[in-house]
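Please look at the sequence and the structure before reading on.

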Amino acid sequence: MISPLSAAVSTAADSGFYVGANAGYAGFPSDTHFNFSFPAETFSSSELHTHATAWGFDGGYRFNRYFAVEGGYTNFGRLSGQLTTGPVGSGSQGEFDYGVSAVKVGVVGTLPFGNWEVFGKLDLTMEDIRLTASGETGTGSFRLRRSDRSFAPLEGVGVGYNFNDHWSAKLEFDHAGPFGNTHEAGRATVNVGLVGIYYRF
């Protein structure tokens with residue numbers, strides 16, 4: 001039989017504030033591309049590196065073993081690539097750099113199995129998108145800086161392991177987007193795999 005005192009302690013351990021940090025791998029779709037138009041020429045991206053390092057941190061409040069609210073920040077990394085008006089090595093040339101980060105807030109549902117748990121999350125994110133490009137056209141050089149902010153959903157699933165009442169580790173897979181405005185700094189989606197360590201107070 002569980003005494004009232006031990007039951008109260010167990011319930012308290014299932015709720016409370018938590019914080020965590022994570023890092024991993026971000027992948028943008030292989031058909032992601034950028035175009036830059038000038039009066040006499042249009043540049044298109046080529047040799048695009050569609051993978052980047054992602055990192056972030058989260059914090060939230062767990063009401064019980066099954067439900068929490070959470071907020072945080074994720075940096076999805078940076079894409080880079082070449083710009084050209086024709087085959088690589090011919091025509092006008094340039095390069096670009098594309099970075100995305102986001103603040104987020106949402107809900108997390110958890111299904112525990114002893115020390116293990118599986119979870120799903122749904123966030124609303126606000127992305128900060130920054131794009132720079134530079135190169136040479138037939139009439140001279142150019143350098144562009146563009147930025148944009150947009151809202152997009154983020155869906156995630158994962159599995160966690162609780163080492164004790166305070167420390168846990170998580171493996172998480174997220175999908176965010178589409179975000180951005182094609183007329184400002186581009187539009188894209190991103191898939192992210194993250195490994196994190198979390199502390200519950």
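Is phenylalanine 76 buried or exposed? Phenylalanine 76 has a relative accessibility of 2% and therefore counts as buried. The model discussed here is predicted.

## Overall fold

The protein chain has one helix and 10 strands. The order from the N terminus is α-β-β-β-β-β-β-β-β-β-β.

Of its 201 residues, 42% count as buried. Among contacts with a separation of 6 or more, 65% are between residues 24 or more positions apart.

## Nonpolar cores

The largest nonpolar core has 24 residues, and the members touching the most others are Phe28, Phe76, Tyr98, Phe179, Val190 and Val192. Two or more residues each come from β5 (67–84), β6 (93–113), β7 (116–137), β8 (140–162), β9 (167–179) and β10 (188–200). In soluble globular proteins, nonpolar side chains tend to be buried together.

## Aromatic pairs

There are 12 aromatic pairs in the structure. In one of them, tryptophan 55 and tyrosine 73 are 5.5 Å apart centre to centre with 55° between the planes, a tilted arrangement. Tryptophan 55 belongs to strand β4 (residues 51–62) and tyrosine 73 to strand β5, so the pair links distant parts of the chain, 18 residues apart. Tryptophan 55 is partly exposed at 41% relative accessibility, and tyrosine 73 is partly exposed at 21%.

Phenylalanine 76 and phenylalanine 179 form a stacked pair, because their planes are at 10° and their ring centres 6.5 Å apart. This pair also links distant parts of the chain: phenylalanine 76 is in strand β5 and phenylalanine 179 in strand β9, 103 residues apart. Phenylalanine 179 is buried, with a relative accessible area of 1%.

One aromatic cluster is made up of Phe17, Tyr61, Phe63 and Phe67.

Which rings does lysine 170 lie over? The charged end of lysine 170 sits over the ring of phenylalanine 119, 5.2 Å from the centre of that ring. Lysine 170 also lies over the face of tyrosine 198, at 4.4 Å from the ring centre.

Note on methods:
Residues numbered from 1 in each chain as written. Predicted model: local features only at pLDDT ≥ 70, side-chain atom pairs only at ≥ 80, totals over all residues. Heavy atoms only, no water. Core = buried A, V, L, I, M, F, W, Y, C linked by side-chain atoms within 4.5 Å. Buried < 20%, exposed > 50% of the residue type's maximum accessible area, 1.4 Å probe, protein only. Helix = DSSP H or I, 4+ residues; strand = E, 2+ residues; numbered from the N terminus. Contact = heavy atoms within 4.5 Å. Phe/Tyr/Trp six-rings, centres within 6.5 Å; stacked < 30°, edge-to-face > 60°. Lys NZ or Arg CZ within 6 Å of the ring centre and 35° of its normal.
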